[in-house]
Structure formats: C-alpha cells, structure tokens
Amino acid sequence: MNNLLAAEIIKKVPDAIINKWLVVSIVELLIIIILVIIVLKKKKVKSEDFIVSDDIKQYKDSNVDLNNMFDSMFNASKLHSTLKKKIHPDRFPNDPEKITLANELTAKLNEAQNNIAKMKEIQTIATEKLGIKF
Amino acid sequence: MIWEKIRNWFTDLRDRNRFLREWNNSAKLAYIEEIIPILMEARITVGSLEYRHEFSKWMAGGFRVKVLSGKPMTRDELLEIGQFIIGDDVMVRKLVSNGWDTLEIYDTAGTIGLKWQLKKYTHSLN
C-alpha cells in the first residue's frame with residue numbers, strides 16, 4: 001500500500017513541475033511581446049516627431065564657403081554699419097538716379113547682413129556708381 | 001542590399017570627416033591670417049538624443065565647436081558664434097544632411113556650453 005502511494009506521488013510530481021514551467025514560460029513570452037509592442041510604438045512616435053524633408057539630402061554635396069563664413073563671423077557687422085551709413089539714400093537729395101540705386105543697394109545690404117563677400121560686392125558697386133570713397 | 005548599405009555607411013563617414021577637416025583647416029587659416037580673433041576647432045560628439053532626426057548618425061550626432069580665446073568667454077559671445085552658424089541656411093542643411101543633429105559651442109577656458117537643435121533651423125524645407 002505504501003509502495004503504491006509512493007509510486008503515485010512520484011508520478012504526480014513531474015507533472016506539477018512541467019505545468020509550473022509552462023506557466024512561467026507563457027508569462028515570459030507575454031512580457032516579451034508587450035515590451036516589443038511598447039518599443040515599436042515608441043519608435044513610431046519618434047519618427048513622426050522628427051521628420052526632416054528628404055529634399056535635404058541634396059544639400060549633402062553643396063559647397064559652403066567656409067572662408068567667407070569665418071570672415072563674416074567677426075567682421076561683417078563692422079562693414080555692415082559702415083555701408084549702411086555711406087549708402088543711405090538721404091545722402092543724395094538732388095540726384096534721383098542715385099537715390100534709386102542707393103535704395104536698391106540698401107535692400108541688398110539688409111539681405112546680406114551676415115555675408116561679407118556680398119557686402120564687398122555692394123561696396124564695389126557703391127564706389128563705382130555712387131562715387132563713395134571708403 | 002547589405003553591400004550597398006555598407007558602401008553608403010563608408011561614403012557618409014568619408015563625407016563627414018572631409019567636411020570636418022575642411023572646417024578645421026579654414027578656421028586655423030583664418031586665425032593665422034588674423035581674420036578671426038579666436039581659434040575654433042570642430043569635432044564629432046554624441047550629441048543630444050532628444051534632438052535626433054532621421055538622418056542622425058548613431059552616437060555621432062553632435063557637431064561641437066571648441067573655442068579658444070585665451071580667456072573665459074561670456075554666454076553672449078558664445079551665443080553670437082552659434083547664432084551665426086545657425087543663421088547660415090546652407091551650412092545648417094549641410095550639417096543635417098551629413099547626419100549631425102546638435103550644434104554645440106564650447107569654451108575651452110570657461111565652463112559654459114551652448115547647444116542648438118539643427119533640425120529646428122531647416123523650417124524652410126519642411
């Protein structure tokens with residue numbers, strides 16, 4: 001009788017262990033699936049937040065005039081203020097042609113505020129056509 | 001497909017390094033020729049994770065400019081340099097297309113560092 005009971009117990013124990021591990025593995029699998037879903041959802045939100053137009057790829061090979069940039073970084077503001085005063089349209093009250101040109105140059109100057117190369121072009125035009133000495 | 005990806009990766013790396021070398025050489029020359037009063041050096045850093053975009057390079061999205069002036073620079077001085085770079089549209093686009101997402105301006109003598117999200121300054125393209 002005792003031997004029979006022992007046999008039953010031995011039989012039952014392995015079944016119980018298998019069931020436990022099955023449950024554990026299923027729970028683990030569920031956790032992994034949930035984590036994967038969370039990660040995928042997060043990625044989707046990120047890509048919507050940080051969309052950069054594909055057109056930007058074409059600028060990869062564009063040339064940046066670094067010498068001009070460094071020159072402009074510290075010297076553009078000085079030249080800008082000098083030019084602003086020199087080519088002001090009020091300096092040519094009796095010459096309508098020069099007033100028109102001065103207006104054009106002032107508009108160009110405002111656009112090229114941070115570009116010393118463009119400002120030097122404006123300076124050349126001002127010297128040649130408006131007769132301004134710098 | 002995989003071969004093409006590997007080739008693109010190396011091409012991107014070459015482009016980035018070439019641009020960085022150009023930048024550093026120009027800055028060095030400008031300093032030697034007394035065009036600019038401070039020495040600047042650019043290097044690649046991790047950048048800010050919150051500033052990332054689609055073309056960001058993994059763990060290399062930061063474009064850090066180290067400024068050497070011989071004295072600690074003020075926040076406004078660093079801000080001026082950063083805003084000048086940010087104000088150059090082509091420059092910003094070039095940086096973004098080469099995989100950079102963060103512009104950092106650091107002072108070597110002081111403890112101040114400023115950073116900008118490059119993607120924000122490409123609005124005209126969106």
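This is a predicted model: local features need pLDDT of at least 70, side-chain atom pairs count only at pLDDT 80 or more; totals for chains, interfaces and linings use all residues.
Let me start with two helices in chain A. Helix α3 of chain A, residues 96–111, packs against helix α4 of chain A, residues 116–129, at an angle of about 170°, and their axes are 10 Å apart. Angles over 145 degrees count as roughly antiparallel, so α3(A) is roughly antiparallel to α4(A). On the α3(A) side, the contact is made by A:L101, A:L105, A:K108 and A:L109. On the α4(A) side, the residues are A:M119, A:I122, A:I125, A:A126 and A:K129. Sorted by class, this contact has seven nonpolar residues, two charged ones and no polar ones.

Next, chain B. Chain B has three helices and four strands. Going along the sequence, the pattern is α-β-β-α-α-β-β. Chain B has 126 residues, and 33% of them are buried. If we take contacts in chain B between residues at least 6 apart in sequence, 60% of these join residues at least 24 apart.

Now, how do the two chains meet? On the chain B side, 28 residues are in contact with 19 residues of chain A. Three helices of chain B each supply at least two residues of the side that touches chain A: α1 (2–32), α2 (75–87) and α3 (89–97). That side of chain B divides into 13 nonpolar, eight charged and seven polar residues.

On to the nonpolar cores. In soluble globular proteins, nonpolar side chains tend to be buried together. Here, the largest nonpolar core has 26 residues. Which residues have the most contacts inside it? They are A:F70 from chain A, and B:V67, B:V92, B:L95, B:V96, B:L103 and B:L118 from chain B. Several elements each supply at least two residues of this core: α2 (66–86) of chain A, and from chain B the helices α1, α2 and α3 with the strands β1 (39–45), β2 (62–68) and β3 (102–107). The largest share, four residues, comes from α3(B).

Leaving aside its neighbours within four places in sequence, A:F70 is in contact with B:S26, B:A27, B:A30, B:I35 and B:I36.

Conventions:
Residues are numbered from 1 along each chain as its sequence is written. Chains are lettered from A and ligands numbered from 1 in the order in which they are written. Two residues are in contact if their C-beta atoms, placed from the backbone, lie within 7 Å. Ala, Val, Leu, Ile, Met, Phe, Trp, Tyr, Cys and Pro count as nonpolar, Asp, Glu, Lys and Arg as charged, and the others, Gly among them, as polar. A residue is buried if 20 or more other C-beta atoms lie within 10 Å of its own, exposed if 12 or fewer, and partly exposed in between; C-beta atoms are placed from the backbone. A nonpolar core is a set of buried Ala, Val, Leu, Ile, Met, Phe, Trp, Tyr and Cys residues joined through C-beta atoms within 7 Å. Axes are lines fitted to C-alpha atoms, for helices over the stretch in contact, and angles run from 0 to 180 degrees between N-to-C directions. Angles under 35 degrees count as roughly parallel, over 145 as roughly antiparallel, 65 to 115 as roughly perpendicular and the rest as oblique.
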